[in-house]
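Thank you all for coming.

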Amino acid sequence: MSKRIVLPVSSSSRNRPRFEKLLQSPPTFHRLTGLTPAQFHTLAAAVEPLFWEDDAQRRAARPNRKRKTGAGKKLELSVPEILFMTLLYYRTYITHVFVGFLMDIDDGNVWIYFKRMEPVLARVFKMPERRMDMTQDEVWELIVDATEQRSNRSKGSGYSGKKKAHTLKTQFIVGRNRHIKSLSKTVPGQRSDKKLYDRTKAYVTADSITNHNKAGPPPRLTDSGYVGVPGAVLPEKKKRKKKGEPKDKLNKEQKKWNKLLGSNRVVVEHIFSFSGIKKYQIIRDRYRNPVHRYAVTIKNIAGLHNFVLDNPSG
């Protein structure tokens, strides 16, 4: 039998029976959030103190305060419920009206809760953009690739000739153990993979590279989108021929090399698949939210991916 987990829920919560019932049904809870109840309990324990710390800082920094700190309307949901609501939204990407209906709150308050929870999750996961701390063995197994997501046509997105739509692009650096090591800043979809890599300037610390006194760029397994990147390990490609010339063919050694490289790079493709980060509908569907919120969203999804790997369900 599954272990019964009871999380602290505010006495004023109107959703306590429904929320506790979901916690006692691990398969349903996992389908709705991407986490098991045990993993959710671990994450909630890490989130709650940071949530109240951020809340205290926000109240202290409020200008022209006329009432004592803590006065005013209380939260309708407990921190675990806000976390559950955020994960449910990531997993299903339903409308705020529907989320408000499920959680029995006004749909206008849904965004307020998300705006307070997402930065806290980012503090828990701490996904880097450039600096990567890792072991010497991990450095030589890094894999680089970028993913695009369709978005509404707005400032910050860009038309991608590959997707034939406006998209947002983010670069991932991944280890062979399927852990996401870093994410770049999100850029418009028309930017090339190589240019995004050059501008990101990801690096590992000096302690991670043998016989190096300074930090520097790591070696990486890439695809043909990174031609010209120093140190990139690339697949063999057929040479372009003029019209009328016989087609070029890869020899056995070149095919063998491509197969070996592909078997190593498939890790990052699995991360981009529906069993990886794209099991969260918010990363799979057209992104409808403001573009400036996309970076924290995709970093939180990457953090959830790493969190599940570090905390396997029992």
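This is a predicted model: local features need pLDDT of at least 70, side-chain atom pairs count only at pLDDT 80 or more; totals for chains, interfaces and linings use all residues.

**Helix 3 and its surroundings**

Let me begin with helix 3, which has 24 residues and reaches 34 Å from its first C-alpha to its last, close to the 34 Å expected at 1.5 Å a residue, where the expected span is 1.5 Å times one less than the number of residues. Helices here are DSSP runs of H or I with at least four residues, numbered from the N terminus. Residues are numbered from 1 along each chain as its sequence is written, and side-chain values use heavy atoms, with hydrogens and water left out.

Helix 3 bends by about 25° at Val47, with a proline, Pro49, following within four residues; the bend is the angle between axes fitted to the seven residues ending there and the seven starting there. Among the buried residues of helix 3 are Phe40, Val47, Phe51 and Arg59, buried meaning under 20% relative accessible area, exposed over 50%, and partly exposed in between, with a 1.4 Å probe and protein chains only.

Now to the aromatic rings. Rings of Phe, Tyr and Trp (its six-membered ring) pair if their centres lie within 6.5 Å, and planes under 30 degrees apart count as stacked, over 60 as edge-to-face and the rest as tilted. By this rule there are eight aromatic pairs, one of which joins Phe29 and Phe40 edge-to-face, at 5.2 Å centre to centre and with 75° between the planes. Why does this pair tie together parts that are eleven residues apart in sequence? Because Phe29 lies in helix 2 (residues 26–33), whereas Phe40 lies in helix 3 (residues 37–60). Phe29 is buried, with a relative accessible area of 0%, and Phe40 also counts as buried, at 0%. Phe51 and Trp52 form another edge-to-face pair, 5.3 Å centre to centre with 90° between the planes; Phe51 is buried at 2%, whereas Trp52 is partly exposed at 41%.

Finally, consider Arg293, which lies in the loop between helix 10 (281–284) and helix 11 (294–310) and counts as buried at 14% relative accessibility. Its side chain is joined to that of Glu118 by a polar contact of 2.8 Å, that is, a pair of N or O atoms within 3.5 Å, of which, within protein, one must be able to donate a hydrogen and the other to accept it, and residues adjacent in sequence count only if both atoms are side-chain atoms.

Conventions: Helices (H or I, at least four residues) and strands (E, at least two) are DSSP runs, numbered from the N terminus.
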